[in-house]
Amino acid sequence: MILKYKGDKLTMNKEKFIELKNRVLKAKENNNIEELNQLIYYLDNPKYSSSEFYTQDNFTGYASIDKPHKKYFKKGTLDVELPKKKMYDFLYERTNQHPNFTALNYYGRKISFDEMFKHIEDTAKAFLTYGVKKGDYVVVALPTTPESVYILFALNRIGAIPVELDPRTTKEDLEQTLIESKTSFFITMDDCSPIIKEIINSNEIISNQIKNVMFVSPTNSLPIGLNFVSDLKDNIERLINKKVKLPIGNKYVVWNDFIKNGRGYYGKIDSEYVPNEVAEIIYSSGTTNKPKPIEYTNETFTSMVRQLELGENDYAPRDKNLDIIPMYLGFGSNNGLYTILCFGIEDILIPVPVIDNLPNLIDKYKPNHLLGAPIHMNVLLNYLQNNNKKMTDLSYIKSIVSGSAYLESSKQFALDNELEKRNCKIKIGPGYGQNEGGPTLSFSPDTFLETQRVGCSGYPLAFTTISIFDIDTDEELKYGKNLEGEIRYQTPCSMKGYAFNREEETNSYYKIGKDGKLWCCSGDVGKIDKDGGIYITGRITRQISRNGFKFSPTEIEELVVSNVTAVESCVVVAKPDEVEENIPILYYTIKEEYKDLSGIVYEEIKKICKSLKEYKIPGEYIEKNEMPLTQNLKVDFKVLEKEALSLSNRYSKKLEKHN
């Protein structure tokens, strides 16, 4: 090794020193600024120079070629082959060496890997008994319970495809999915029985199409004591007509009977692996338009595990993960469940939506890992700041990942500080991703987080390439120059496409670059720093045009949240205007402890926004009790835009009076 890194000191042998000195002298003589910058970059990034890590001497300035983040990976790690097998088979191979380790923890009932695989086999046999076969779609509208886990992997074993839906899906959207998928088998919670009965009785197409409806109760896998209490409560509710009795017989079946009916199956269970075959369908978040069905392949799951395995992570068998992201979301089924199980980690299943109760769950289960959204980070931060004498030792936490949406840096660093006070050795790791991308594209390991890069969402995963492109010309832009463009990416975890005959939408998501390669077009606007760090600055569809100027609302949102302590969250949307094109409307929520200071907070926000350029200053400042959220726990911009559109044009009237 000719170059070593020890603590804060860079050391090198004599030959390397002379080589670098001659390069500096020659560059100065020729006034080669680019060469000098490269040398500075080289010396600032010792991992580039270590024989242990990937190195590079010639930089083109384009992330698609240089892949600057490669310096964080040890040589040889990127030479491995990605798995070519079904996701169930890959999971089984990775975990069958420790069958007695806990796989699932459901309200204290611990289910070992061996027990889980037996349940999966029973579930697969039952599906085959009921006529479900390879290539069939099965619509599943369940919370995250052991049964929903068994269903996911059982369908993968036989080659059928689960179409995951939020149990709260509207009647209209459910009908559309049932018809589009042409499914003959629908699975939902027992509480949803009146809706599906109504649909089947009123919709002739669905009535003829659906052969089986299975009801699964969230109480099925509860520990015996809890199950008894829950069943008793259900029976009392039915007696006083507060709960509808489940329809049984004909095409309706409950979970226990379903499993029992499959025990006599002795035929073949497993289907063959086919490359790029669809393994699951989940729906996009629908923050800017109607949610679309996304096709995940086996490779979407297995390649995610491999990529995270090759990067820096603190996952270890027998760790515990608090699973609060629902399975019907890509982040939930892939990163929150599948990846966790593949590492031999105990997955603590939480079936109900978790926001305010998060601190209590952390204190109860003491998980080593947590994957959440910014709203979870905000709740945890507020709790820790206002309860100095509670949760005083968080040394057991090994990783907290914030995904799904952008986490303001001020909150990220404040939460880091609260964790440090409580003996926690890690920092919050923001990531970037899209459901269409599998969904994770970048992550932030501890060594990267030490630099506290404001607004950074980490660097790309091992086999993922991310670059920025001019929105108008499609030209790739140079990284490290503070240039903003559309974030585009290539990843082995990418979706196969949008399901159910959405070829036009699928084709619009991809573009052939001038390099001849296929790129996924994220629709996000961002930039890339000299180390490959990803910064998301907005959405193309959220760009605001006003008086001929175009800007991202993210700048305003970050300014307010970072400088007005009392503000919990802040969102800026555009309101169309005949005179100015659009006017920014700023919505905000106030932290509970500052609710009585509403007027003062309002004035503080207006004051801080005066530092913006005139065309960026909002026309309205509107306090809300809470922000509307999509099922993915992202801000529902459509709701706010609709509200902004309905506002009286007070701002324009003020301008007319002023003129």
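Me: How many aromatic pairs does a search of the whole structure find?
Reply: Happy to start there, with a note that this is a predicted model, where local features need pLDDT of at least 70, side-chain atom pairs count only at pLDDT 80 or more, and totals for chains, interfaces and linings use all residues. Residues are numbered from 1 along each chain as its sequence is written, and side-chain values use heavy atoms, leaving out hydrogens and water. Rings of Phe, Tyr and Trp (its six-membered ring) pair if their centres lie within 6.5 Å; planes under 30 degrees apart are stacked, over 60 edge-to-face and the rest tilted. For the whole structure, the search gives 26.

Me: Is the aromatic pair of Y137 and F500 stacked or edge-to-face?
Reply: The ring centres of Y137 and F500 are 5.2 Å apart. Their planes stand at 80 degrees, which makes the pair edge-to-face.

Me: How many residues apart are Y137 and F500?
Reply: This pair links distant parts of the chain. Y137 lies in strand β5 (residues 137-141), and F500 is in the loop between β22 (497-498) and α18 (503-509); helices (H or I, at least four residues) and strands (E, at least two) are DSSP runs numbered from the N terminus. The separation is 363 residues.

Me: Which ring does the charged end of R94 sit over?
Reply: A charge sits over a ring if NZ of Lys or CZ of Arg is within 6 Å of the ring centre and within 35 degrees of the ring normal. For K527, the ring is that of Y535, with its centre 5.9 Å away. For R94, the distance to the ring centre is 5.3 Å, and the ring belongs to F343.

Me: Is helix α6 roughly parallel or roughly perpendicular to α13?
Reply: The axes of α6 (residues 146-158) and α13 (residues 330-342) come within 12 Å and cross at roughly 75 degrees. Axes are lines fitted to C-alpha atoms, for helices over the stretch in contact (heavy atoms within 4.5 Å), with angles from 0 to 180 degrees between N-to-C directions. Angles under 35 degrees count as roughly parallel, over 145 as roughly antiparallel, 65 to 115 as roughly perpendicular and the rest as oblique. So α6 is, relative to α13, roughly perpendicular.
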